[in-house]
Amino acid sequence: MVETLLIIGVIASIFVGFNIGGSSTGITWGPSVGAGIVKKTTAAAVMTVFVFLGGITVGQNVMDTLSGEIITTELTLSAGVAVLFFIGLGILVANVFGVPVPTSMTTVGAIAGLGLATGTLNYETIAEIVIWWIVTPVIGFWVGGVIGRYIYPWVNRRVDIKKSDGPLLTLNRDGGVPSPKLGPNTTVQELGTTVVVLLIGCYMAFSAGASNVPNAAAPLVGQAGLEVTDAVILATVAIGLGGFTIARRTMDSVGGELSDIPLLAALFVMVTASTITTILSWMGIPISLVMGTVMTIVGIGWGRATRPITVREAVTRDSDITDKRIELGAIVTEEEEDEDAPAIGEPETEAVLHGSDLFNPRAIIKYVSMWVIGPSMSTLLAYGFFTVLPGVA
């Protein structure tokens, strides 16, 4: 009976990890694949390696929180399988609505529902997690705002990320030992920016592993039946499988949430969201990479679009600002070459004012709504389930 239940739990874990791999690989590598810098198969392979590294290192702190700190007792095997079921149900609902519900929040909600039903919920831990869920979007927004208002325009004038025709590097066989050299159309700047893009992708994959591997692995760790290393390997394989299969379609759309913004802006988003997620994962806080990503996008768009007014004008609501055109979300790379971005308080060029919208306000409302609905639903369903069937816990 125990072996059968464990097999069911492993299958559920693979299902959760498979879907996580499909979404997180697209977000992580979609912009780079769309720019022609890396191929889909290479992206999935590198993603799998760094997801494992993130899960086996920083991710263990999150795993400890999920498996032993949200409730005052260890998860049993039957309870872990049930929790994985509710995580999978949350993913299914997300797919129906076309919105990626943060898996970490769904996981915490399911375990919290178990704790409420059995009287074992650690309210101090839950309060700390929820506070960070509230603070993280604010941090992402304001960091993105500073980048969009002050940093992005300056970097955008000086960095051009392009993929030239032909190989990036070739082998020089003139000497005794073959050595790498620049491709026929490759510039030093292109080589440098390509390396940076790849490093950022690896960093985001590491962050995704730190935050997401525990979601698929933690419910089966400890008393539930699996050792930590075995659970991490299981989750990594499942995430990698999702990266090699269903993520290919996501990467075709150039990374879901990042699909409508320039690659340079996407890189800023990736670094910011990954840093926030990695730090909180190191602290043992279950947090979603999606949450930091979306709010950083919003922040960069807001910061870039409000450059025509100064902070003083924004605070004092100067009546003259009505004469200055502001389009929330405008961020493009179409400024003329060698022309500096306008100073803060100066009007933008027409190219920027009429550029592609960085984000859709309705989509943001939809995301935020699901951030509330997702964990609330998993909490209520788990609470009802374990109340009706207390023996499962």
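Reply: A helix here is a DSSP run of H or I that is at least four residues long, and helices are numbered from the N terminus. The model is predicted. Under that definition the protein chain has 14 helices, together with 2 strands.

The geometry of H5 can be checked first. Just after the helix, Gly119 adopts a positive phi of about 70°.

The setting of H5 comes next. Because 13 of its 16 residues are buried, H5 is largely enclosed by the rest of the structure. Thr103, which belongs to this helix, illustrates the point: its relative accessible area is 12%, and a residue under 20% counts as buried, so Thr103 is buried. Leaving aside residues up to four places away in sequence, Thr103 touches Ile20, Ile87, Asn212 and Asn215.

Phe85 is part of helix H4, residues 77-97. Its relative accessible area is 52%, and the cut-off for exposed is over 50%, so Phe85 is classed as exposed. Phe85 and Phe15 are 70 residues apart along the chain, yet their C-alpha atoms are separated by 9.5 Å.

Helix H6, residues 123-158, contains Val135. The relative accessibility of Val135 is 31%, so this residue counts as partly exposed. Val135 also contributes to a nonpolar surface patch of about 450 Å², which it makes with Val130, Ile131, Ile134, Ile139 and Val143.

These details can be set against the chain as a whole. The protein chain has 393 residues, of which 51% count as buried. Among its contacts with a separation of 6 or more, 80% are between residues 24 or more positions apart. The chain exposes about 17600 Å², and carbon and sulfur atoms supply 64% of that area.

Notes:
Residues are numbered from 1 along each chain as its sequence is written. This is a predicted model: local features need pLDDT of at least 70, side-chain atom pairs count only at pLDDT 80 or more; totals for chains, interfaces and linings use all residues. Side-chain values use heavy atoms; hydrogens and water are left out. Buried means under 20% relative accessible area, exposed over 50%, partly exposed in between (1.4 Å probe, protein chains only). Contact means heavy atoms within 4.5 Å. Patches are made of residues with over 30% relative accessible area and no salt bridge: like charges are joined within 9 Å, nonpolar side chains (Val, Leu, Ile, Met, Phe, Trp, Tyr) within 5 Å. Accessible areas come from the Shrake-Rupley method with a 1.4 Å probe; for residues, only the protein chains shown count as cover. A salt bridge is a side-chain nitrogen of Lys or Arg within 4 Å of a carboxyl oxygen of Asp or Glu.
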